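Subject: Structure handover

Hello,

Please find the structure below. Notes on what was found in it follow.

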Amino acid sequence: MNDADRDRMKRCLAEEMERCRAEIARLETTADPVAVDSAVGRLSRMDTLVNQGVSGQSLSKARRRLLLLDRALRNADYPGFGECVECGNPIPVKRLLLVPETEYCVHCAPE
Ligand SMILES: [Zn+2]
């Protein structure tokens with residue numbers, strides 16, 4: 001990976017982390033368990049619980065993503081950055097810009 005791409009990736013990662021942090025802050029408000037007590041009636045209470053479950057899942061997902069982004073950003077200055085941890089081939093910058101937290105090329109990606 002050349003220096004220009006590396007700089008581009010660092011900017012991309014920093015921006016993505018900002019977005020992720022904002023998302024976490026937003027989800028933390030929705031997943032707040034205190035909201036259950038203030039729900040009126042049985043139905044809205046159910047709705048609240050369902051919504052909370054969904055927000056809770058997105059929240060842990062967003063938190064995990066933030067950790068991955070943070071790790072990628074800290075690795076960005078090392079020579080192996082942008083190489084697949086599985087096969088060692090360089091991950092195309094196009095893919096990295098789309099999924100900046102990834103450590104896998106498209107062939108080795110677990111999902
Ligand atoms: Zn690979």
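The zinc ion is coordinated by the SG atoms of Cys 84, Cys 87, Cys 105 and Cys 108, at 2.3 to 2.4 Å (donors are N, O and S atoms within 2.8 Å of the metal, or 3.2 Å for Na, K and Ca; water is not among the atoms, so sites may look incomplete). This is a predicted model, in which local features need pLDDT of at least 70 and side-chain atom pairs count only at pLDDT 80 or more, while totals for chains, interfaces and linings use all residues. Residues are numbered from 1 along each chain as its sequence is written, and side-chain values use heavy atoms, with hydrogens and water left out.

The 4 donor atoms subtend angles of 102 to 117° around the zinc ion, so the arrangement is tetrahedral (four donors, all angles between 85 and 135 degrees). Along the chain the donors follow the spacing C-x2-C-x17-C-x2-C. Cys 105 counts as buried because its relative accessibility is 5%, whereas Cys 108, at 22%, counts as partly exposed (buried is under 20% relative accessible area, exposed over 50%, partly exposed in between; 1.4 Å probe, protein chains only).

The largest nonpolar core has 17 residues, of which Leu 13 and Phe 81 touch the most other members (a core is a set of buried Ala, Val, Leu, Ile, Met, Phe, Trp, Tyr and Cys residues joined through side-chain atoms within 4.5 Å). α1 and α3 (41-75) each supply at least two residues of this core (helices are DSSP runs of H or I, at least four residues, numbered from the N terminus). The largest share, 6 residues, comes from α1.

Regards

Key
Tetrahedral: all angles 85-135°; square planar, octahedral: opposite > 155°, others 65-115°.
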